[in-house]
Structures are given as C-alpha cells and as structure tokens.
Amino acid sequence: MISFSNKNRNLFRDRLVNEKFDLLIIGGGVTGAGILLDAQTRGLKAALIEMQDFAQGTSSRSTKLIHGGLRYLKQFEFALVAEVGKERAIVHKNAPHLTIAEKMLLPLTEKGSIGKLGARFGLWLYDFLAGVKKGERRIMLSAEEVLKREPLLDKTKTIGGALYYEYRTDDARLTFEIIKEAVLRDGLALNYLKAEEMLFNGERKIVGVKAKDLITGDICFINADYVINATGPWVDETDALDQSSKKSKIIHTKGVHIVIDHKKLPLGQSVYFDVPDGRMVFAIPREGKTYIGTTDTFYTGDIVDPEISLEDREYLINATNQIFPNSDLKLSDIESGWAGLRPLVREEGKSPSAISRKDEVFEYESGLITIAGGKLTGYRKMAEKVIDIIRKRIKVKIGQDIGYCQTAAIQLAGGKFSESLEKVLANYVKDGERVGLSAKETEKVFYRFGSNTEKVLKYAQEEALEGISLYWSIQLQYCLEEEMIAGAEDFFVRRTGALYFDIDEVRKYKEAVVNHMSNYFQWPENVRSSNLKSIDNLLFNFQGGK
C-alpha cells in the first residue's frame, strides 16, 4: 500500500484522474471525513478533496471537547442532547486515546444565569437524555466544596455548584484518524486540491468536478456518480459552482479561544462558568497551559483566516478575571489562540448563541447533496444521513442495496486497542525510555497517535534529525510518511497542536523543521522561506498580546 504521504502526491492525483468514483466529497473537515469512511465501509468507491489542509477550517478550531450537549438544554433541543450523548460514547469507544473524560466544575453564583434548582434539574435531565454512565453522573456541591476544589473562584459570590463530565479531544487529530481509517479501506483523500467547477452531462446532472492542485498548479478532472458538498463555512460558495441554489443557507458565527500559561491561571480542573452577557465560557487546563473560550459573534470577514480581534481577547480576559478575581490576567499573558467559524443553518432574527447547531441536508436537481451545520460530536450521524440518501438513489437506479451504516462499530486508525489504555501506555512508556524519551514525552505521543505510537517510536531507531530533539524528530518523520503534511503549519498546528500548547518549542525548532521538510520535498528556496514566514507570522500574532 502506498504510504499516506505528500511525497506520493502525484500517485494519488493520478488515481483521482484515471479512476471513476461512486462519490466525491468536497471538504476535508470532520463531516467530510465521516462521509468518506461511511461510504467505504458500505462498499462504495469514494474520494475526498480539500482545498486547504485536512481539518484546517472549523474542525481544528473548536473547544476541543466531545460534548454531551449540556448547553442545548437551554434551547430545549432534547433530541439533540440525546443524540450527541450517545454519539459521544461511540467516539470514546472507537478512539479512546482522543476522548479523555474530563471533570468539569460548574460554579453557581449570585445573579448567575443558572440557579441551584435549575442546575440540579438540568444536570439530571442531561444525565438521563445523554445516557451518561453511572461513574460520570453529576455531583452537586455546596459553596464550601466548590471553593475547596477551586479556591481561585470568587468566595463572595459562589453559592454552590456541580461536577459533571465532558470528554477532552484533539479535534484535528480526530479528523485525521477518521480519514486514515478510510484510506486504510482504500478510500482516497487529498489535501490542497480545490474544486473550481462542477462537471455536468447533457441533462445538467453533475458527473464530477474540475479541481486545481494548489501545490503543483495542475488541473485535474475527477469523475463521480455523486458529489457531496461538505465544505462547512464554504457551503454557499461551493453550492454556487452548481448554480442550483443562489440562496444563502448558512450564517457564520465566530468562536475565539486564547491560551495562557497554566501558572497564570493554575486551575485544578476545567471550569464552565457564567459570563454577564448570559453566555457560558470554558477554562480548561491542558499540557501546562490553560485555554479559555469561546466567544460567539456574527462574522462576515475573511473565512480562510478569521481574525482574533482585540475585542475578542478583551472579552475573554475580562470574563475570566470576573469569575477568578485574583487572577489579574492581562492581554500580554496571551501566548496563542485560535478563531473558528461555526457554519450554522440560517435562522433569521436569532442571536448567535440562540441559533440551532442542528445539521441539515439539501438536495438539488443537479444531483448535488449539501450538508450544513452540525457539531463535531455528531459527525458520524451526519455522514449516515448523507450516505443513506445515496443508498436510496442507488436502489432506485440499479436495484442494489449498499446496506446500513456500520461506523458505530469501527475502531479508528489510532484507536485499535485490545487491552486497556493504561496497560498499553505503560508498555509504550517502557519502550520510550529505551530509546531516550521521558515518560511524559511518550505519554504525549500516545495521546496524540494512539495505537500508532509503535510506528512513531520506530523512528527513534534512526538518527535524530539535525537540530531537532528526539521527541519532535520522531513525530515529524511519522507525519511526513503517514499523515499527508505538506507544510510546516500542517505539522505545528494540526498534527501536533504545538503552536497552542508547546509554543516555545515551535520557536526553538521552527527553522530546523522547515529545513528538513525542504530537503524531504526538495522545495525551491521560495517555498522554504514562505513556510518559515507562515510560522513566524503565527508566532508574531501573539507576541506582546498583539
């Protein structure tokens, strides 16, 4: 099998051009990834193209939680809470290294949006609807118990609280694991390939896509019986290539997260707290940092690179200082952050937070199928809806039944464990120590790559890359060979999250990483320098709280 590496880009592109596919998915976020896997497991021949890196849009810019759907109770979306609760359990089963149970403290304050009675009933309903397992159900706390758990909270305003569970994840890595599992099943996925035109037959039915390779500049024509638009924030623009629908279906809201050093806000556990405007904000300790988010505002700016404005930063800093009055956070404490767009199905007259997070499928006369809205946790059910539509069409057209969705029972690429995570990790820690990694370093590799950690550690048997520590060297080599990275940003931001949680390491190794990638791909000097510049620009955005 050809390794899933951009050094084999021409071979993958030749397949796209020379073979005919049952369906082509436009969009390499978690929704498109889920559709690719569902299609392959039902015996369809599927391909996926993404104009940026996989997960570069919304699917790497979330709060990095597999939600149980607590916030949807406020909108009375009980069915949605039940669905995402069940889906959370499935994602945990199929990718346990990426779904780690996280205690969430919900402090209740005077004049807060949630009272004691409301919290007790809401969390009971949440446990019931979401099917929360016994060991992770809510625990109601007195004010004294809340402050004992989190002494940084305002002692004068805290009246009680509760503990409940969310599941911490790495949204980008979850997307890769889904794509990689589909590729293992002979699915085809290629990043940096942009759909530019729809191809039609004489009856104005879509039969494929004309796409441009944004790395080589080549044009390719991809033939497929069905085309799926799963482009998230770009749904309207992609639909416009078909011209079946000129009406906008989605509205963008922006969510911003900021990252500070954990020493600046040394929380004992994650906290989900009230903000004066009625919203709720998370503060989550992770890998020596604490990240805070999210905002929720309408957005009409640049979709590719949404801005983190001064107003966004001030909102989150001020909200945090209000709930933790002794923290005294400043804009200059912000080390990094991310801004993501929520592509929500348009509902006129509603505030950003009030718009439903439900997904919706649109079908057009041309045959195009578009899916919009939805949440990270519900990716698998969204994929099921789309492939069920294709199933019906195939039944009508040729009388064949491709069967029902099977992905609930499929372990993802890095989630193939036959023993407990704790036992597997302990063995990997021993292997890591033998090759020169600390236990902490091996643990971070494990919760990133899961059952593929063995493959990552094998690169330690080779000579470490020049100017790069062993820890980063083995991850870079693995990602180059197995995870389709095409640039330094792909590695530092989406494959490892280093820009967010190891920013000093990015500063230290950026040039050596870019130089190695330049040698690996045989880049001309302008490509090497542009890669280094892109990392420098990301780092500059947060120097001095700019």
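Start with Met517: skipping its neighbours within four places in sequence, Met517 is in contact with Leu476, Leu480, Ile485, Ala486, Gly487, Ala488 and Trp523. Keep in mind that you're looking at a predicted model.

**The nonpolar cores**

- Met517 belongs to the largest nonpolar core, which has 72 residues.
- Which residues touch the most other members of this core? They are Tyr126, Tyr164, Leu476 and Met517.

**Helices α2 and α9**

- A quick bit of background: a pair of packed helices is described by the angle between the two axes and the distance between them.
- Helix α2 covers residues 30–41 and helix α9 covers residues 379–398; they pack at an angle of about 55°, with their axes 8 Å apart.
- That angle makes α2 oblique to α9.
- The crossing of these two helices, α2 and α9, is right-handed.
- On the α2 side, the residues that meet α9 are Val30, Thr31, Gly34, Ile35, Asp38 and Ala39.
- Their partners in α9 are Tyr379, Met382, Ala383, Glu384, Val386 and Ile387.
- Sort the residues of this α2 and α9 contact by class and you get eight nonpolar, two polar and two charged.

**Helices α11 and α13**

- Now try helix α11 (residues 439–449) and helix α13 (residues 470–482): their axes come within 11 Å and cross at roughly 20°.
- How do α11 and α13 run, roughly parallel or roughly antiparallel? Angles under 35 degrees count as roughly parallel, so α11 and α13 are roughly parallel to each other.
- The crossing of α11 and α13 is right-handed.
- From α11, the residues taking part are Glu441, Lys444, Val445, Arg448 and Phe449.
- From α13, they are Tyr471, Trp472, Gln475, Tyr478 and Cys479.
- This α11 and α13 contact has six nonpolar, one polar and three charged residues.

- Tyr500 sits in helix α15, which spans residues 498–501.
- Is Tyr500 buried or exposed? Tyr500 counts as buried, because its relative accessibility is 6% and the cut-off for buried is under 20%.
- Leaving out residues up to four places away in sequence, Tyr500 touches Ser60, Lys64, Val259, Lys289, Ser336, Gly337, Trp338 and Val493.
- Take Gly337 from that list: Gly337 and Tyr500 are 163 residues apart in sequence, yet 6.4 Å apart in space from C-alpha to C-alpha.
- Thr109 is part of strand β4, residues 100–109.
- With 14% relative accessibility, Thr109 counts as buried too.
- Which residues does Thr109 touch, not counting those up to four places away in sequence? They are Lys157, Ile159 and Ile323.
- Asp431 lies in helix α10, made up of residues 421–435.
- The relative accessible area of Asp431 is 28%, so Asp431 is partly exposed.
- Asp431 and Glu454 are 23 residues apart in sequence, and in space they are 8.7 Å apart, C-alpha to C-alpha.

How values were computed
Residues numbered from 1 in each chain as written. Predicted model: local features only at pLDDT ≥ 70, side-chain atom pairs only at ≥ 80, totals over all residues. Heavy atoms only, no water. Core = buried A, V, L, I, M, F, W, Y, C linked by side-chain atoms within 4.5 Å. Buried < 20%, exposed > 50% of the residue type's maximum accessible area, 1.4 Å probe, protein only. Contact = heavy atoms within 4.5 Å. Axes fitted to C-alpha atoms, helices over the stretch in contact; angles between N-to-C directions. Helix = DSSP H or I, 4+ residues; strand = E, 2+ residues; numbered from the N terminus. Parallel < 35°, antiparallel > 145°, perpendicular 65-115°, else oblique. Left-handed = near helix turned anticlockwise from the far one by under 90°. Nonpolar A, V, L, I, M, F, W, Y, C, P; charged D, E, K, R; others polar.
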